[in-house]
Amino acid sequence: MLLTLAITAALGACSKDEGKASADAAKPATVAAADALTLDESKLLAATRFTKDDLDPSKDVCTDFGGYVNGKWLAANPVPGDRSTWGSFSVLDERSKAVQRQLAEQVAARTGATGVEKIVGDFYSTGMDEAKINAQGIEPLKSRLAEIDALSDKDTIAEYLRQTALKGENNLFGFGPQADFKDSTMNIASAFEGGLSLPDKVYYFDADKADKRKQFVGHVAKVLELSGVPAADAAKQAKDVMAFETRLAKASKSNEDMSRDVSLYYNPVSLADADKISPNFPWTKFFESQGVEAPKMFSLGIPGFHSEVSKMLADVPAEQWKTYLRFRLVDAASPYLSDAFVQQNYEFYGKQLYGQRELKERGKRTLDTIQNNVGEAMGQLYVKVAFPPESKARMEELVKNLSASLKTRIENLAWMSDETKKKALEKWSTFMPKIGYPDKWRDWNGLSTSRDSYIGNVLAANEFNYKWQLGKIGKPVDRTEWGMPPQMVNAYYNPSLNEVVFPAAILQPPFFDPKGDDAVNYGGIGAVIGHEMTHGYDDQGSRFDSKGNFSNWWTDADAKGFSSRTDKLIQQFNDYEAAPGMKVNGKLTLGENIADLGGVATAYDAMKKATEGKPDPMIDGFTRDQRFFLNYATIWRTSYTPEALKVRVASDEHAPAPQRAIGAPSNLPAFATAFSCKAGSPMVRAQDQQVVIW
C-alpha cells in the first residue's frame, strides 16, 4: 500500500468498484514500422461532448440546472448492466479500455515480445484463457491454504502475517513508503490500518447497513465452501469472520475520520515504542522479515488499531484466525480463479453491494487486472497511440493560465491577512504540474510473467510491486513518479509533493478538446485543473506548506476565518438530498467541495482573462459564460444504481455528481448573471449563505 496515495486528493468521480519498461524516455519508445502499435478509432465509444441537443428546455436553468443540462442524456443513457455508475467519466473509461484492448490483443499475439509488451501480453493472454483458468480451479492456492491449515498459535500466525506481507499480500494493514510529514524529501516506512472487507467501518455498525452485513456473511460462507470447507462448517465460520472483522472495525477510523484529519496518517514512533504498542506483533521482527533496515523512526498510523490486532493474536482462537485468513486469501484471489469464484465475487461486491446487474465480460475484467497490477506498463503502450503532442501543449497553456488566476485570487482575498497570504503565495510558487504521462517510465526489470497462469502473474506482480515499494524506504522521494497510469480517467493532487497530475485519458471531451472553444475547455479541464490546485488549500491540503511538509502556516485569526467559511459549505451539502431521504454528508465531502468551488471560480477567472478583448462567438446561441457553466455541469453527468449511490453517500469523500454539478456554481454571482437568475432561485444562494473561500 502506497500510503502517500492514501492522502492524495483525486478528482474521484469514478465508482470505486470500477474499481524491462524503459527507465529513460521522456517520449514513448518508438518501434519499427512493421511492429508499430495501431488504433482503430471506429471501435471507440463517442465521447460525451457538450451539445445543445442534450439540453432540456422544459427545465428552468435557475431552478434545476443539473436537469436542464444532463436530464435528457441521463434518461436516454441508463447505467449499463456491467456497471454501477454511468456518465462522462465512465464513457471515457470505456474509450480508454477499448484502446487498451486493441493494444493488449496486438502484443499478446506477438512472439518473442520483450519488456512492457511481454508483460501486458502475458497478462492479457492468460486472463483470456478461460479454459485453462477453469481447469486449474483452486489448485494455484492449495499450497497457501495448506500453510494456513498448519497454523497453531499466535507465534505461527504472526510469522504467517510477516511472510505473506513479504509477498505483497498483507491481510491486516498497509505497509510501504510515505514521504515524511516533517521532511517531504525523504521516504519513511509507514504502517496503517486495514483488514476490512466492507467499504467503511460504518457498515459494521449502522442500523441501515444490516442487510449488507447479512449479505456479507452469506458471501463469506459461499467463498469458504468454494475453498473446500463443508457447507455446515462454512455457515458457522462465516459468522466468526464477521465477528473478527467487526472487532477490527471497532478499532479502526472511518473514512470520514480520515478525510477530515490528515494527521491520522502520521504517527512517528521508534521501533522500541512500536513493539510496546503491539507486543504480540513486534515491529522490530517485522522490519527484519521484510529485509528493511531498522529505522530510528517510522509512522505507525492509528496505533489503537495495531494494539487491538496484538490483543487479538493473544485472545482470538487460532481456528478463528485461520478461518479469517483463509477467507481473505480466497476472496482476494477470486477474480482470477475459475468461473464459480468469479461469479460469487461479482454476486456480492458487484451485484449486492453496488447494484451491478451483470458481470463484466472477461476482456474488461482482464484489462482491469492489468491496470491494477501493471498499469504503467500498459500506459507506455497507451500514450504511443492515444495522446497527441498538441494536447500536452494546449494543457500546459491552460495550467499556466489557471495558475496565474489562482495567484490573483489569493492576492485579492479580503479575509486573509498579509502574513498568511505570503505563505499561501509561497506554496503557489512551488506547484508542480504533470501532464499526460511520466517523463521517466518505471523500470519493470525483475517482474517475471508467463503464459502459464493468470493468477500466477497477478501474484508475481503483487510481490514485485510490494518489494519495489520497500526499496523506496529510507531514500529520497522520486518526484518524477506518478500515482496514476496515463490511461486512467482521473486527476489528483499530492500534498507532500505539492503536485497536480493530469493523466492522458482525461484529456478528452467533455473535459478537454484541443480544437474546442475556450468556454468548454475552461469549464471542463480548466475547472479540473483549478480543482486539483485548490486541493493544496482545502481543509487538509492547507496543512502542508510550500515544501510539502506538514506545518501550520496560518495565523489563528485566519484559521478561524477559514473554518467559518468551510462550515457554511458543510451545511450547504448537508442540505442536499442524493435521493429522497438520503442526505449528502457535508463533512465527509468537505475537501472535494472546497476544491470544486475554488476550481470553478478560478477557471472562470482564467477564461475571462484569456478571452479579454476577444468577441464572444455566441456558439449555438449561448454566450461564452453560459457555455462555460454548461460544460462544467456536463463533466458531472453521472447516474448511479441505487445501491452504488448508498455506498457513495456512506463512505466516499466525493459528493454524488449531481450535487457537484450545482454546488459550486450556485455560489458564484457570475452564474446568476450569465443566466439572468433572480435572487431566491435555487441556483442563487442568499448572500448570507453564499460561500466564498479561495
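Modeller: Helices (H or I, at least four residues) and strands (E, at least two) are DSSP runs, numbered from the N terminus. With that in place, P510 can be located in the loop between β9 (499–503) and α20. The structure is a predicted model, in which local features need pLDDT of at least 70 and side-chain atom pairs count only at pLDDT 80 or more, while totals for chains, interfaces and linings use all residues. Residues are numbered from 1 along each chain as its sequence is written, and side-chain values use heavy atoms, with hydrogens and water left out.

Colleague: Which residues does a cis peptide bond join here?

Modeller: Most peptide bonds are trans, and most residues other than glycine have a negative phi. In this model a cis peptide bond, with omega at about 10 degrees, joins P509 and P510.

Colleague: What is phi of I302, and is I302 buried or exposed?

Modeller: Phi of I302 is near 55 degrees, a positive value in a residue other than glycine. I302 belongs to the loop between β6 (298–300) and α13 (303–315), and at a relative accessible area of 6% it is buried (under 20%; exposed is over 50% and partly exposed is in between, with a 1.4 Å probe and protein chains only). M618 also has a positive phi, of about 50 degrees, although it is not a glycine. M618 is placed in the loop between α22 and α23, and its 40% relative accessibility makes it partly exposed.

Colleague: At what angle do helix α9 and helix α14 pack?

Modeller: Two packed helices are described by the angle between their axes and the distance between the axes. Helix α9 (residues 231–250) and helix α14 (residues 318–333) pack at about 90 degrees, with their axes 9 Å apart; the axes are lines fitted to C-alpha atoms, for helices over the stretch in contact, and the angles run from 0 to 180 degrees between N-to-C directions. That angle makes α9 roughly perpendicular to α14 (65 to 115 degrees; under 35 is roughly parallel, over 145 roughly antiparallel and the rest oblique). From α9 the contact (heavy atoms within 4.5 Å) takes in Q237, D240, V241, A243, F244, E245 and L248, and from α14 it takes in Q320, W321, T323, Y324, F327 and R328.

Colleague: How far apart are the axes of helix α4 and helix α19?

Modeller: The axes of helix α4 (residues 115–128) and helix α19 (residues 454–470) are 8 Å apart, and the two helices pack at an angle of about 140 degrees. They are therefore oblique to each other. In this contact D122, F123, T126 and G127 of α4 meet Y454, N457, V458 and A461 of α19.

Colleague: How many aromatic pairs are there?

Modeller: A pair of aromatic rings is described by the distance of the centres and the angle of the planes. Rings of Phe, Tyr and Trp (its six-membered ring) pair if their centres lie within 6.5 Å, and planes under 30 degrees apart count as stacked, over 60 as edge-to-face and the rest as tilted. By this rule the count comes to 46 aromatic pairs. In one of them, F628 with F629, the ring centres are 5.0 Å apart and the planes stand at 90 degrees, so the pair is edge-to-face. F628 is buried at a relative accessible area of 0%, and F629 counts as buried at 0% as well. F629 also forms an edge-to-face pair with F671, at 5.3 Å centre to centre and 85 degrees between the planes. Because F629 lies in helix α23 (residues 624–635) and F671 in helix α26 (residues 669–675), this pair ties together parts that are 42 residues apart in sequence. F671, too, is buried, at 0%. Elsewhere, W415, F431, Y493, Y537, W553, W554, F562 and W694 form one aromatic cluster.

Colleague: Which residues is A519 in contact with?

Modeller: Leaving aside its neighbours within four places in sequence, A519 is in contact with M607, R624, R627 and F628. A519 is part of helix α20 (residues 518–534) and counts as buried at 1% relative accessibility. Its C-alpha atom is separated by 9.9 Å from that of P617, which is 98 residues away along the chain.

Colleague: Is N593 buried or exposed?

Modeller: N593, in helix α22 (residues 590–610), is buried, with a relative accessible area of 2%. Not counting residues up to four places away in sequence, N593 touches L569, F573, G586 and A655.

Colleague: In helix α24, which residues are buried?

Modeller: In α24 (residues 642–651), the residues A644, L645, V647, R648, V649 and S651 are buried. They pack against α10 (255–260), α15 (339–354), β10 (577–579), β11 (582–583), β12 (638–640) and α25 (657–663).
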